[in-house]
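Colleague: Please put the model up, and then we can go through one of its contacts.

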Amino acid sequence: MINPLISICIPVYNRNLHLDNCLNSIKISQENFSLDFEVCISDNFSDEDPIKIINKYQRHFKINYNRNLSNKGLGVNILKSVSLAKGEFIWIIGSDDLFLPITFKKLNFYL
């Protein structure tokens with residue numbers, strides 16, 4: 001199996017609405033420009049279970065998912081999301097960040 005070019009790492013804690021918007025913006029950007037990528041999500045023992053949202057987008061792109069057994073703190077959760085990555089490049093974003101429809105096209109110019 002060939003590793004993806006880029007891993008988009010998203011540490012999450014609650015805020016499922018933001019995660020849904022974030023993943024939807026990635027989906028839209030992907031529809032406008034094809035780029036070899038994966039999404040790596042590490043959930044820091046949220047009260048809100050994000051699995052329904054993750055399942056909603058898994059049919060559109062590859063998602064590696066981890067749920068911590070307790071809240072490990074932001075720093076450890078960021079590192080956990082990165083440890084899931086197999087891409088040549090890693091991009092850490094917040095669950096409340098949004099891609100523009102042209103993000104992958106612009107990003108491809110620099111890769």
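Modeller: Leaving out residues up to four places away in sequence, Lys27 touches Tyr57, His60 and Phe61, where contact means heavy atoms within 4.5 Å. This is a predicted model, in which local features need pLDDT of at least 70, side-chain atom pairs count only at pLDDT 80 or more, and totals for chains, interfaces and linings use all residues. Residues are numbered from 1 along each chain as its sequence is written, and side-chain values use heavy atoms, with hydrogens and water left out.

Colleague: Does Lys27 count as buried or exposed?

Modeller: Buried means under 20% relative accessible area, exposed over 50% and partly exposed in between, with a 1.4 Å probe and protein chains only. Lys27 has 16% relative accessibility, so the residue counts as buried.

Colleague: Which residues of helix 2 does helix 1 meet?

Modeller: Helices are DSSP runs of H or I with at least four residues, numbered from the N terminus. On the helix 1 side the contact involves Asn16, Leu19, Asp20, Leu23, Asn24 and Lys27. Their partners in helix 2 are Ile53, Lys56 and Tyr57.

Colleague: At what angle do the axes of helix 1 and helix 2 cross?

Modeller: Axes are lines fitted to C-alpha atoms, for helices over the stretch in contact, and angles run from 0 to 180 degrees between N-to-C directions. The axes of helix 1 (residues 16-32) and helix 2 (residues 51-58) come within 10 Å. They cross at roughly 10 degrees.

Colleague: What do the buried residues of helix 1 pack against?

Modeller: Among these buried residues are Leu19, Leu23 and Ile26. The buried residues of helix 1 pack against strand 1 (6-12), strand 2 (37-43), helix 2 and helix 4 (103-110), strands being DSSP runs of E with at least two residues.
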